[in-house]
Amino acid sequence: MTDRTGAVLAPPSTGDVMSLECGDVTGTHSVVASDVQKTLPAGAVAQALAARMSLPQNVPWALRDESTSAFLEDDKPIGEQLATGARVTVTPKTHLGASM
Amino acid sequence: MASFAPQGSDRLQAALEKLGFVRQRGSDAFRHNGVMFHQQQDWVTLKSSEPLLDVDPLHGLLGTPGPWKHVIECDGSTRKLFELPRAALDGVIGADVDGEAESACEECLWWALATDQGGIPAGWQPPERAEIDAWMSPASLTIQCGPIVRQGQLLHGPDKLGLRFPILAGSPAGLSEARRLWLRDVLLEAQNRWRMVRIGLTETGANAEIDLTGVPQEMAESMFKTSLDALRWVVEWLVLSAAFLADPRVVCQAWEVRPLRAAPAERRDTP
């Protein structure tokens, strides 16, 4: 009864939508997110895609554009950072910072 | 009128009577031109006094001024309903400056009456955009529920103030008639169960919204914040179920059996 092969991530209620091809860093999971609202902040899309791929939700996730390897800015609308059909990787936000 | 402080109660009653509402014998309800005014624990409501015929509760009101919506009563009848948090009205009455509370009550009631007819109170103007931006964080228009994420819209213009969140994309193609009825029941349940929020089905999808066009200036901030909280709650409550039901790739035999609530209407059409 469940479906994990694709994702209808957000509705195209106003027609201003895009699609994305997404994978995780290990290449284990991939989904096609169609009808993503262009006004959505990239950070929210990253979290939703991670959930779609059954990745843990207690980890902050970011999106990396595979064509440029650049990380997307979390707070900026995804439609301002990517073109429709773009391939992105859902990446955990990790750093090597030492504890203070 | 015991639920307001005595002074507030007097002012509200005076405002009701000034606008032509007549107290119903033996009750706290007031009536005016087919609209009934009621008080509940935390809410005041205005509701059409007679059932509406041939009205689809999910069509026709989206985008119209004021937070009116259609609800289905226990007896199956449909009525038009306007709900106001009492805290917002209390705030107006409590902040009485120079004896203006009575006129503020009148403005609230007039807002409801004017928008019931599809109009806007004369001379109404929405708050400035900068003022509205100070009432919410940018992130508050984004709702993520697991794999689903929705971006809400602030509707702001010379004669418009409202908030809208998309629930579903388009008219779900490939769904059986029975499954469409299940989906419709879920949307109706959300509209009936939760205060203020109305759901609209259009060709471009299903949306949840609260329209505050015409809201009196004194209660604009309170109503806006309450509306945003209410919408976020309802969208989070509804969106996963609705998206799951509307996804044609998900198959469930139980969804191919017509829901009981929709069945009688079909039977009436059967000779």
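This is a predicted model: local features need pLDDT of at least 70, side-chain atom pairs count only at pLDDT 80 or more; totals for chains, interfaces and linings use all residues.

**Entry 1: the overall picture.** I looked up the secondary structure of chain B and found seven helices and 12 strands. Of the 271 residues in chain B, 38% are buried. I also checked the contacts with a separation of 6 or more, and 66% of them in chain B link residues 24 or more positions apart.

**Entry 2: the six-stranded sheet.** Next I traced an open, antiparallel sheet of six strands in chain B, with the order 1-2-3-4-6-5. Its edges are strand 1 (22-23) and strand 5 (69-72), each of which pairs on one side only. I followed strand 1 to its partner, strand 2 (residues 30-32): the two run antiparallel and are joined by two bridges. Here B:Arg23 sits opposite B:Phe30 of strand 2.

**Entry 3: the four-stranded sheet.** Then I moved on to an open sheet of four strands in chain B, ordered 9-10-12-11 and again paired antiparallel. Strand 9 (153-157) and strand 11 are the edge strands. On average, neighbouring strands in this sheet are turned by 30° against each other, direction ignored. I then went through the pairs:

- Strand 9 and strand 10 share five bridges, and B:Leu154 has B:Leu163 as its bridge partner.
- Strand 10 (residues 160-169) pairs with strand 12 over seven bridges, and B:Ala169 stands opposite B:Gly205.
- Strand 11 (residues 198-202) is joined to strand 12 by five bridges, with B:Ile199 partnered by B:Ala208.

A hairpin of two residues connects strand 11 to strand 12.

**Entry 4: helices across the strands.** Last, I asked which helices lie across strand 12 of chain B. Helix 5 (residues 177-193) lies across strand 11 and strand 12, and runs at about 150° to strand 11. Helix 6 (residues 220-246) lies across strand 10 and strand 12, running at about 20° to strand 10.

How values were computed
Residues are numbered from 1 along each chain as its sequence is written. Chains are lettered from A and ligands numbered from 1 in the order in which they are written. A residue is buried if 20 or more other C-beta atoms lie within 10 Å of its own, exposed if 12 or fewer, and partly exposed in between; C-beta atoms are placed from the backbone. Two residues are in contact if their C-beta atoms, placed from the backbone, lie within 7 Å. Two strands pair if DSSP finds at least two bridges between them. Axes are lines fitted to C-alpha atoms, for helices over the stretch in contact, and angles run from 0 to 180 degrees between N-to-C directions.
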